[in-house]
Amino acid sequence: MARQMEQSNLGYYVLPDDAKESYKRHVEMRAIMFCLLIYKVSQLCLKYGLPKPYENYLSDTAKIQVDVGVYVKDGGIKIDAAHLCNTSFLSDSFLTDVSGKGIVVSPELRLYCVDLRELSGATTPQTKSDNVGPDKVIDSFQTTFKNNYLHSFKLNPTSHSPGDLWNSYVTLLNFPSQGLSHRLPAG
């Protein structure tokens, strides 16, 4: 199934630079946006007491994409719309499960879920070589981290804090030999 495409409406485009400053900012934004997304999703699942595994509400690959890349065949320009989160919030599934518990879905909750879905599809313009190179390593890491974190969170939400989430993510991304199971709070 093709990704659902969304427009960012930002009105500007920051091109990747040779010094890789824009890629450095992209990686920093990936950490911030990803941790924010999985924190918010874990809190929503907890609030509504959903019985399914929480990781079911975030896809293992990006299903939604905000913005598109720029490709000029004759000019040799290949700039991808590189995802920040490599996951998509499955808002329709979430809202269906909430209403399946007999809870009336408010317009505010629906809009919040749309915002989370769009956040999950956020991208920045990056060179194709960065997007299919180092970003793929981060993509794989985020998928594993997301699934393990949400599984652990559902088992024992009180042992997880936003600071622990951030510290675990950054430490494990930078020092993968630490092992994911050793850094997440016990479930």
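Predicted model: local features only at pLDDT ≥ 70, side-chain atom pairs only at ≥ 80, totals over all residues.
**Figure 1. Strand 4 pairs with strand 5.** Strand 4 covers residues 77-83. The two strands run in the antiparallel sense and are joined over five bridges. Asp-80 has its bridge partner, Gln-126, in strand 5.

Figure 2. Helix 1 spans residues 21-48. Arg-30 belongs to this helix, and the next view turns to that residue.

**Figure 3. Arg-30 and Asp-139 meet in a salt bridge.** Side chains of opposite charge can pair when their charged atoms come close. Here the N to O distance is 2.6 Å. Arg-30 sits in helix 1 and Asp-139 in helix 5 (residues 134-155), so the pair ties together parts that are 109 residues apart in sequence. Both residues are buried.

**Figure 4. Lys-146 forms a salt bridge with Asp-60.** Their closest N and O atoms are 2.9 Å apart. This pair also links distant parts of the chain. Lys-146 is in helix 5, while Asp-60 is in the loop between helix 1 and strand 2 (64-66). The two residues are 86 residues apart. Lys-146 counts as buried because its relative accessibility is 0%, under the 20% cut-off. Asp-60 is partly exposed, with a relative accessible area of 40%.

**Figure 5. Asp-139 forms a salt bridge with Lys-136.** The closest N and O atoms of this pair are 3.5 Å apart. Both residues lie in helix 5. They are three residues apart, so about one helical turn separates them. Asp-139 is buried, at 9% relative accessibility. Lys-136 is partly exposed, with a relative accessible area of 42%.

**Figure 6. Four residues are linked in a network of salt bridges.** The members are Arg-30, Asp-135, Lys-136 and Asp-139. A search of the whole structure finds six salt bridges.

Technical notes:
Residues numbered from 1 in each chain as written. Heavy atoms only, no water. Salt bridge = Lys/Arg side-chain N within 4 Å of Asp/Glu carboxyl O. Helix = DSSP H or I, 4+ residues; strand = E, 2+ residues; numbered from the N terminus. Buried < 20%, exposed > 50% of the residue type's maximum accessible area, 1.4 Å probe, protein only. Pairing = 2+ DSSP bridges.
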